[in-house]
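Here is a short briefing to read alongside the model. Please have the sequence and the 3D view open as you go.

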Amino acid sequence: MFIKNILLASTAVATLAGPALAGGMAAPAPVEDVVVVEPAPVMGMDWTGGYAGLSLGYADVEDADEADGASYGAFAGYQYDMGSWVVGGEVSYDGYDIEEAGTSVDSEMAAKVRVGYDAGQWLPYATAGVSQLTVTDNGTEFEDDGYVYGIGTDYAWNDSWTVGAEVLKHEYEDFAGSGDDIDMTSVAVRASFNF
């Protein structure tokens, strides 16, 4: 009788526990949806907009006599970012501290176009345009038109400020009817505010 009671009790426990165990194993807990996070795309700098700034540099003049000295100036321009390429225009005014044998190179105004490659925070570019040079010779001031061309690069320090450098060649043939050609090479560092 004792064994019969144990068998009945075991059967009852198995009967009651069976659905609970089966239910726990039959439907596993749902796995939450896996969210795949893709890396953010690398965004380039948007170079579109206006800018204005100052420059400081050095210029070397070659004509009948060679002379060199400091340069300083201001510039302003507007450019448009077309994706890989950036195009724009710029005007500039530069003063020079160059004097040799009673002749001084005083100032230059220029209007240039720029074409650059959008390399993120860097913008290497080529530039070319027309210019007007003012020279004083023995107390008389002379002006003549020429052209300027060169290369440069800008670095976007942040959204508001850009720093860079530029190397230009300035050429004036038969300056002011003197029969002398003036060739000048300038190197300048630049800083500008973007707006």
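Strand β6 (residues 140-156) pairs with strand β7 (residues 161-172) in the antiparallel sense, over 10 bridges. Strands here are DSSP E runs of at least two residues and helices are H or I runs of at least four, numbered from the N terminus; two strands pair if DSSP finds at least two bridges between them. This is a predicted model, where local features need pLDDT of at least 70, side-chain atom pairs count only at pLDDT 80 or more, and totals for chains, interfaces and linings use all residues. Residues are numbered from 1 along each chain as its sequence is written, and side-chain values use heavy atoms, with hydrogens and water left out.

**Strands and overall layout**
- Four residues lie between β6 and β7, and the two strands form a hairpin.
- Within this pairing, I151 stands opposite V167 in β7.
- β7 also pairs with strand β8 (residues 182-194), in the antiparallel sense over 12 bridges, and there V163 stands opposite A191 in β8.
- The protein chain has one helix and eight strands, in the order α-β-β-β-β-β-β-β-β along the sequence.

**Cavities**
- Two cavities of 30 Å³ or more turn up in a search of the whole structure.
- A cavity is a set of points, on a 1 Å grid over the protein atoms alone, where a 1.4 Å probe fits but cannot get out; lining residues have an atom within 4 Å of a point.
- The largest cavity holds about 180 Å³ of space, a volume being the space filled by probe spheres set on the grid points, which are joined across faces, edges and corners.
- Its lining counts 18 residues, and S55, D94, K112, E166 and L168 are the closest to its centre.
- At least two lining residues of the largest cavity come from each of β2 (66-81), β3, β4 (103-117), β7 and β8.

**A closer look at W85**
- W85 is found in strand β3 (residues 85-100).
- Setting aside neighbours within four places in sequence, W85 is in contact with Y80, V115, G116 and Y117, where contact means heavy atoms within 4.5 Å.
- W85 and L123 are 38 residues apart in sequence, and their C-alpha atoms are 9.2 Å apart in space.

**Confidence and burial**
- The mean pLDDT of the protein chain (the predictor's confidence in each residue, from 0 to 100) is 85, and 76% of its residues reach 70 or more.
- Over residues 2-9 the pLDDT is below 50, and this stretch has zero contacts in the model beyond near neighbours in sequence.
- Of the 195 residues in the protein chain, 33% are buried, meaning under 20% relative accessible area (1.4 Å probe, protein chains only).

Methods
Buried < 20%, exposed > 50% of the residue type's maximum accessible area, 1.4 Å probe, protein only. 1 Å grid on protein atoms, 1.4 Å probe; cavity = no way out; pocket = protein on both sides within 12 Å on 5 of 7 lines; lining within 4 Å.
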